[in-house]
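Dear colleague,

I am handing over the structure below, and after it I set out what was found in it. Please read the notes alongside the coordinates.

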Amino acid sequence: MWFSFWRSRDRLSLDELRFIVDQLIKVQVVNEVNKEFVIEALRSIAELITYGDQHDAAYFEVFMEKQVMGEFVRILRICKSLIVSRQLLQTMSIMIQNLKSDHSIYYMFSNEHVNYLIAYPFDFRNEELLSYYISFLRAISGKLNKDTISLLVKTESEEVVDFPLYVEAIRFAFHEESMIRTAVRALTLNVYHVGDDTVNIFVSRAPHSDYFVNLIEFFRDRCIHLNSIVSNAKKSRSAELSSSILSAVDEIEDNLYYFSDVVSAGIPDVGRLIMNKVLRILIFPLILPSFSRTEAVKESSLWAVTSLYLLCCILRIVKIKDLANIVAAALLCYPDIFPESSEAKLNGNLPSHASSNVQSQNNDASSQNSQSDTENHTPHSAFNHNYSSMRFAPRETLLSFVVSGDEVQVVGSLNVLATLLQTKELDESMVDALGILPQRKQHKKKLLQALVGEDSAEEQLFSSEGAKVKDGISGELDLYLQKLKVLNSLVSLFCRSNISAETLWDGGWLLRQLLPYSKAEFNSHHLTLLRDSFHHCTARVLEEARGTWSDLLLGVICDEWRKCKRAIEASSPRKDPKCILLPPFKSANDEHASSESSFAAGERMCEAVKVFALLHHLHIFSLGKVLPDQPPVFCSVDTPEKSRARIAGLHLPELKPNTEINLAGGIPCRIAFERGKERHFYFLALSMGSSGWLVLAEELPVKPGRGLVRVVAPLAGCKPRVDDKHLRWLHLRIRPSSFPFTDTATYTAHGKVKSKALVDGRWTLAFRDEKSCKNAMSMVEEEMELQSCVVEKSLEPVLELEQSTDHSQLSEHVEDDNTV
């Protein structure tokens, strides 16, 4: 019989299908002798049914006539071979995935055959068999709709009492293999998005609702795991740890996107359950209290840096209105009012004015318990608390991080504030209570209040002193104080010298979001602080005019000016919240703090320019002026006719090898670029505008006094020095001619430098006598001075803004000091 199966015939014919099924029906036991035939028969049936579904309905009629689904179940019962079980599951998966006919799918799912296969006790100790089984379940879920799902559930009195596909799948929801977890999640989403009310009730009630509780607990464990990796990375910087952080972050975000997808399915009980468990299992007991900790107190505690990231991700990804508003309200309250375990039901109620002002909360606790005018009206026990012996509220901690925290804390806090600002699910009243309601929205709110006849709003809208309110309106005053705290914190941030320019730009973006067009929020104290920081940074930029990269300073200023303007005027922050977790990049400036490498000097110059660009923008903005696209610098300055560059015959600010020049003023010297091979050159130092060169030229035999440039190097940063022991030797440092790094383009996503650390070159020139060496030294110093003067002259317009602003003009933009 088995030999007749392998005879030559049309393998895709209808007769072939009948023959294979008939042979399969004859099998009474599956053993080592016939298991290969059974496997091949199952594989062929899948191929033939798939082919028939696309070409001829008669194929599936034979499938139904022969009751092949029943035969599959029978084969599984009489078979003890894992390989046959795997093939049966694969055959079912292939057929279900590829069948297009609704009639065929309905038949497959009827008669309880599929449910039998789903509930069959396979030996899942075999990982390959488990993979086939999960693929089989996922294939079924891909065909679910309101009609087919009814074929797979068991009902009593119009209620679903069993749903094998779902129940068996969630058994593997937390399997150690990520691919299996992913498949199970895809299956559950297919179930939820069918929208069958009876199935929704089934999955949202005990005991199956425990799946969602376990899901949040699993997510909490992933968060704690991430925290441990971040903790290790802080102690030991390595590429492996950064990679581990990014892998853990991907898993965290995948979990949150899954939560979001589940909520979007629109099952009310499930959405509320997920929100409540996220609050009770993660946010209240771990994330918010950790803001007051600098180190993990116990294994399950989260550091502030991890919590800042998690808070950003939860608000950014999980789009639940009540969740966003409760988190915002919790930021205004104290950790003590949110017990780590509470059985009270969360109804999403918010305090109307959850002020973070310590004194006002101590004096008037009852104001914290007032209800919002939103959907639910039962007060939550978390807000009914005795406010004695308070710690700082999380919002206060965020602002303290901005003012005095380290780099990571500042970046994390700014990300949280930016996320809150961009969370569309957050009520405008909560954004206002946090003190981060954009000014344009404040103006719109007051306009609407004025239109409906609210006197205080009308007075504020049309008053010249919009920040002042009528006596007794403590709520409006409190909101104003919250705004002022945020503004104070940001201004303090811009005055800090121990925070990177990239982070300060993030603060500039946040400030522009809060105050997009008006200067009225700045008071005299703010302007004084900004002015002092501007003066300090201006001095640093002027130092760079005589520094290692002075020839490229103007170009860097123009480039960073444009980048800074784009960054602070962008519609969203530039950085992903995951940057909070990555170990801070160790710059060449840190690595070579004691050295004088040009690379470290370049980083210092670039950093100073970035801060200068930001403070210049903020200075212009504080005066209510429009930010120009280009900085006001002189791009070119005339070179005197009697300068060395003109005498040498240069007419363009560019000098390349093999250029013919006049050697007048050149000083003969010797240099060895290779050991034991000295060459004779004429040495010249030339400057034209902001450019400058060290030149080694060879005299042309047929043109006395003329020569060809053979070697050229930057004049800036050459640091000329006569050798202490050999007074005829002149030492020159040679740095790269082009700028090798620019802000974010320098770094990869993992915070590493793309380019290798640069090594400065050295020239040692030997002159005929000590006088020639001194003359060469003087020539270099004179040309460096001319070059620096040109750069300083070009910078005058961009530095004149502060000097030309009359104090009397400034005063009309300054609020009364009493408002501070």
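Of the 820 residues of the protein, 53% count as buried, where buried means under 20% relative accessible area, exposed over 50% and partly exposed in between, with a 1.4 Å probe and protein chains only. This is a predicted model, in which local features need pLDDT of at least 70 and side-chain atom pairs count only at pLDDT 80 or more, while totals for chains, interfaces and linings use all residues. Residues are numbered from 1 along each chain as its sequence is written, and side-chain values use heavy atoms, with hydrogens and water left out.

Beyond its neighbours within four places in sequence, Tyr133 is in contact (heavy atoms within 4.5 Å) with residues including Leu89, Phe122, Glu168 and Phe172.

The protein has 32 helices and 10 strands, taken as DSSP runs numbered from the N terminus, with helices (H or I) of at least four residues and strands (E) of at least two. An open antiparallel sheet is formed by 8 strands in the order 3-7-6-5-4-10-9-8, pairing being assigned if DSSP finds at least two bridges between two strands. Strand 3 (660–662) and strand 8 (721–722) each have a single partner strand, so one side of each is left without a neighbour in the sheet. Strand 6 (residues 691–700) is joined to strand 7 (residues 703–714) by 8 bridges, and Trp693 stands opposite Pro714 in strand 7.

Best regards
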